[in-house]
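Q: I'd like to learn how to read a fold, from the whole chain down to a single side chain. Could you walk me through it?

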Amino acid sequence: MICALLASCSVSCQALPCEAIKLCSAGQMTGPYVGEIDTDAGLVKALERRSFSKEVILLLGSAGTMLLPLLQTIKDFESHGYAHILILAKDAATCATIAGHVPDVGCADSTASLGVSAAAAAAAGQSSAKLDLFHTKWSVAARAVRHGYNVLLLDTDVLQLGDVYGTLKAAPFKDVTMLAQARGGAAGYATATEVDPGVLYIQNADPSGPVSWVLSEAADRFARWAEDGFQTLATKGYTPCGLRSGDMLNDVLASAAAGQLLFYGPVIKCQAKEDAAVKRAMEKAVDWPSREQPATSDGLRIFELKLPSDLSATAELGGSLYPPSRLATSQAVQKALAGACLNCTTEWPLWPDVSGAPTPGKPPLKKETLALLPPWVAGAYEPRAEPGYWGSGQVLGHTQSPDASVRSSALAKAHVRMAYGAYHWDSVVAKVKGGKGVYTTSDDAQHVPIVAAIHPDLLADPTLTRAQFDSLTDSLVQVAQYTRKFAVWPAVPCSLPWVNGSTGWARFPGPDANRTMLCMRETQLGPECMSKGVPSMLPWELERMKEVYRLHRPMDASPEKTLVAGGRANPDYTKALVYTTLQEVPFQDLAHQIVNNVMTLPGSSEPTRVTGQRLHILYIGQAITIKYADPSQPDAYQAVPSFAIKGDPEVWRPSMPDKTPKQLEDAFNALKAKCFPSAGFSTVISGGRS
């Protein structure tokens, strides 16, 4: 039955893991939630509306550039049968925007503010609004756990490569209270002592136990520092460096691992003037288990978490870093945490304020467990393409992982999703943008670029050299600018010897482990070279464009034509194109070659309206370089070109330059320096993967 409720689901009901664990919530929700969650009444209503079998998925939401990743993530969950999602945003206006795109889900807003100044936030590389949202994340998660819910928190830059719940509800994970991605990447898993909060799941936690304390203390401690303006930290020799979402959580996790109150983050990371003795004492106090060996035969690293029994922070560990008194902000946080329960007096009492009187000698109570998810479950997406490494087990690929090469921006992370085949073009992007202009550099909602691209045969050639690749890239941009088309930035197999192990390349996974990992120049993926106003496109966007074109116009002649110097080339030949010697083509001659050899059909004397108007893809089949200046005609270098070409100018003029040769030469040199400098990735490093 559940599959009938999933518009995007093409698999059978039996194939959905959510059926086996009785967690298919798609089509089963009571309705959306739009409203506040600062009060307990608001949160209770939100959880009742947006949970299923006491499970809830919390996603942070915002408008602007982060809206599409949020909607993509929601669609990922829905494709697996999960709809029990609660979106958290910072204000009602943002929530209204989000809810307008997902009316069946809605959005919960929090207007609570920590009051961190813009200057203080900027000093730590954050914004005040982002710090407020981080705090809301831990506060709402803590209160939801206090209300008896299991909570899954997932960043919107995490690719769902498999079914999340189907894995986390199975052995060896099903009996672990807190499951989290390890911070540090696959290579550092064996010794990792911190979590990456981008992937975090809490299940069956005691509402007044260690895991609940960790979440609550993360929210409460940060609120106390923030309302104090971080002055207590500063006067005791610490900088406010730990202001990321994960820093808030990891600072407190150390206390639960050690069973005593600690201020791990500031001592280890934020000393203005390092005190080596205190740092060593802190590292010794937090005797992380399983540093060298996995705790189980499954390779899973499990930590025991305890409520701190000794609430005194001794001097040898840096002493207490709490501000001397609570102010209004932390008082409100503490009140919200204490009020989040069914029966606060007898059933789920809040533990004593950790800044209160010490209780030395009291044994730790209510033990729970934390497991670091091994990289074959949650980690960087890249190694998935390495045959035999992941198998079929990897569930979550986090583009923010340190061993992921594409993690610089929301734009770059979207490219990874495209490459993997998990970009929801129609159900998300087309609806948000309001038309078929779904491409990164589309000028408007209806704009589908006409492009120039290096012929795929040349890029797939295992004998392609670095010099040949550079020549082809130069040719691509020169022809694209000449013909007023968008250049498709090229991708090549990462296994090429001059790519593998070299710096300056971003690695993209294929849809499955058997697909070749493709690499692109990092310089071409940033907003300077991949945004509106820069006529460019990605290989995966090109594939999408071709797919749509063939779907809607299947009987048309091929929209793909190939340009070579001095003749014809047909991309449909069974024999693959190979690289041929770079050839110089005079500025005026290139126009005639494009018209006569690409736009004019064999046997015809001039271009037809069909071939001219439907030249959607101009492939570069040979490396050429345009000779912009003509010594015999110096004035032509400055003049807007005029071509003596047969046929209707409306047919061929759109593929001809509208700038002088000098202007085009300058434009080429400027784009080359910015997006594909020849010396941009020549340093070879060890440890490259193929």
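Predicted model: local features only at pLDDT ≥ 70, side-chain atom pairs only at ≥ 80, totals over all residues.

Q: How many helices and strands are in the protein chain?

A: The protein chain holds 22 helices and 23 strands.

Q: What percentage of the residues in the protein chain is buried?

A: Of the 690 residues, 55% are buried. As for the accessible surface, it comes to about 28,100 Å², and carbon and sulfur atoms account for 54% of that.

Q: And what do contacts say about sequence separation?

A: Take the contacts between residues at least 6 apart in sequence: 73% of these join residues at least 24 apart.

Q: Now the helix pair. At what angle do the axes of helix 2 and helix 6 cross?

A: Angles of 65 to 115 degrees count as roughly perpendicular. Helix 2 (residues 40–50) and helix 6 (residues 128–146) have axes that cross at roughly 75 degrees and come within 11 Å, which means helix 2 is roughly perpendicular to helix 6.

Q: Which residues meet there?

A: From helix 2 come D40, L43 and L47, and they meet V140, R143 and A144 of helix 6. By class, that contact has four nonpolar residues, two charged and no polar ones.

Q: Last, is H398 buried or exposed?

A: Buried means under 20% relative accessible area. H398 has 1% relative accessibility, so it counts as buried. H398 lies in strand 12 (residues 396–398).

Q: Which side chains make polar contacts with the side chain of H398?

A: One is the side chain of D157, at 3.0 Å. The side chain of Q181 also makes a polar contact with that of H398, again at 3.0 Å.

Notes. Residues numbered from 1 in each chain as written. Heavy atoms only, no water. Helix = DSSP H or I, 4+ residues; strand = E, 2+ residues; numbered from the N terminus. Buried < 20%, exposed > 50% of the residue type's maximum accessible area, 1.4 Å probe, protein only. Contact = heavy atoms within 4.5 Å. Areas by Shrake-Rupley, 256 points an atom, 1.4 Å probe, with all protein chains shown as cover. Axes fitted to C-alpha atoms, helices over the stretch in contact; angles between N-to-C directions. Parallel < 35°, antiparallel > 145°, perpendicular 65-115°, else oblique. Nonpolar A, V, L, I, M, F, W, Y, C, P; charged D, E, K, R; others polar. Polar contact = N/O pair within 3.5 Å; in protein donor to acceptor, adjacent residues only side chain to side chain.
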